[in-house]
Amino acid sequence: MKKILTAMMGLVLTCVLVVSLTACNIGDPVKVIEIDLTEEEYAFILPKNSPYLKQINGFIADLKSEKGLGEDGVTIDDLFEAEVNDTAEPLKGEVLTSLPAGATRSEYFVVATNAEFAPFEYFMGDYYAGIDMQIAQLFAKLLNKKLVIVHMEFDAVIPSVSGGAYTDSSDEDAEAVEPKTDADIGMAGLTVTPKRAEVVQFTDSYYNAAQRVAVLKSDKTFDNCTTKADVVAALKTLNGKVAGAAQGQTGLTYLEGDKSGTMGEDFAGFADVFSEIKAYSSIGNAVQDLSLGKLKVVVGDKFTLAEAVNGINKK
């Protein structure tokens, strides 16, 4: 009898474990609404009065030209194409993740990033990968510097370049984030905004960005939308629902609204529509919760949002 009870208990525990593991992986397919909601520019950020500004703007001009940058003539289109075609590789060669003790600072090119924003910066195994990271390596080589890339929360990138505490939030009670390192440049899919320009120096832009919405594949809320105005009107019908975006990124500002009024009419916000607007550490985590039915919509950069959606749908 004891053996039978033991066997039955084992079977029950096995079933519970299987159900639990299955539940962890349950998620519905997600889709991106292929309509741009904003027009933005991405650029890199430098400390005010950085000696690198002229050189790096020259590098960006070469990247965007037919001749390309460096000995191999790499263009920005080449880097995007490699990401789209899944032929991109992680950084090759020595890349440090912090300045060595007692290092002569002038020998190093220190990059502040948040490597959770594919295809611009992300981890491929234990190595950095992504468009911005490839550009960082090219910059360091052309500057004849040793490359240091420091991964941190997105909110810490701007203060790590400016050298002082900073917050993008328009909430007067929001706590400013302290610098995590002494960086020469910030490369993290950064949208050019007037507020950020008060504390850092933007390079010339290298990518025209836009925000888009992701929903469950079964969600028909946006099926009849053909314009930006249609999507905005549909978003305004989602009273009491929960939305999500990545902390510190433009998608969160799009949902919450830009109280400074400097980002234009596209950023009026939907704080009076949604019962909650959740901020996530990465766009991938937000899309995961969307797949699990915890959110109604996610807003993010169209390229990065597509990467996150594709990743979730492949699971």
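Modeller: A word on terms to begin with: helices (H or I, at least four residues) and strands (E, at least two) are DSSP runs, numbered from the N terminus. This is a predicted model, where local features need pLDDT of at least 70 and side-chain atom pairs count only at pLDDT 80 or more, while totals for chains, interfaces and linings use all residues. Residues are numbered from 1 along each chain as its sequence is written, and side-chain values use heavy atoms, with hydrogens and water left out.

Biologist: Okay, how many helices and strands are in the chain?

Modeller: The chain has 10 helices and 14 strands. Its C-alpha trace spans about 75 × 55 × 40 Å along the principal axes.

Biologist: And what percentage of the residues is buried?

Modeller: Of the 315 residues in the chain, 46% are buried (under 20% relative accessible area; exposed is over 50%, partly exposed in between, with a 1.4 Å probe and protein chains only). As for contacts (heavy atoms within 4.5 Å), take those with a separation of 6 or more: 74% of them join residues 24 or more positions apart.

Biologist: Let's do the sheets. What is the strand order in the open sheet of five strands?

Modeller: The order is β1-β11-β14-β12-β13, and the pairing is mixed. Two strands pair if DSSP finds at least two bridges between them. At the edges sit β1 (30-33) and β13 (276-280), each pairing on one side only. Neighbouring strands here are turned by 30° against each other on average, direction ignored.

Biologist: How many bridges join β1 to β11?

Modeller: Four, and β1 and β11 (residues 211-216) run antiparallel. You can find K31 opposite V215, and V32 has A214 as its bridge partner.

Biologist: What does β11 do with β14?

Modeller: Those two also pair in the antiparallel sense, over four bridges. Q211 stands opposite D301 in β14.

Biologist: How much of β11 is buried?

Modeller: Six of its six residues are buried.

Biologist: What packs against β11, then? Which elements do the buried residues of α7 touch?

Modeller: Helix α7 (residues 228-235) has V231, A234 and L235 as its buried residues. They're on the same side of α7, because they cover an arc of only 100° around the axis. That arc is the one of the directions from the helix axis to the C-beta atoms. These buried residues pack against β1, β11, α8 (250-256) and β14 (297-301).

Biologist: Why do residues three or four places apart point the same way?

Modeller: An α-helix has 3.6 residues a turn, so residues spaced like that face the same way.

Biologist: Changing topic. How much space lies in the largest pocket?

Modeller: About 530 Å³. On a 1 Å grid over the protein atoms alone, a pocket is an open set of points with protein on both sides within 12 Å along at least five of seven lines, a cavity is a set where a 1.4 Å probe fits but cannot get out, and lining residues have an atom within 4 Å of a point. Grid points are joined across faces, edges and corners, and a volume is the space filled by probe spheres set on the points.

Biologist: Who lines the largest pocket?

Modeller: There are 27 lining residues, and D168, S169, S170, T253 and E256 lie nearest the centre. α6 (194-197) and α8 each supply at least two residues, with the largest share, four residues, coming from α8.

Biologist: And how many cavities of 30 Å³ or more?

Modeller: Two. The largest cavity holds about 60 Å³ of space. It is lined by 14 residues, and Y42, F117, G189, Q249 and T250 are the closest to its centre. β8 (185-191), α8 and β14 each give at least two residues to that lining, and β8 gives the most, with three.

Biologist: What about the β4-β5-β6 sheet? How are its strands paired?

Modeller: That open sheet of three strands has antiparallel pairing. Its edge strands are β4 (116-117) and β6 (127-129). β4 pairs with β5 (residues 121-124) over two bridges, and E116 has Y122 as its bridge partner in β5.

Biologist: Last one: where is L96?

Modeller: In the loop between α3 (76-84) and β3 (108-113). L96 is partly exposed, with a relative accessible area of 21%. Not counting residues up to four places away in sequence, L96 touches Y108, L147, V148 and I149. K146 is 50 residues away along the chain, yet the C-alpha atoms of L96 and K146 are separated by 8.1 Å.

Technical notes: Axes are lines fitted to C-alpha atoms, for helices over the stretch in contact, and angles run from 0 to 180 degrees between N-to-C directions.
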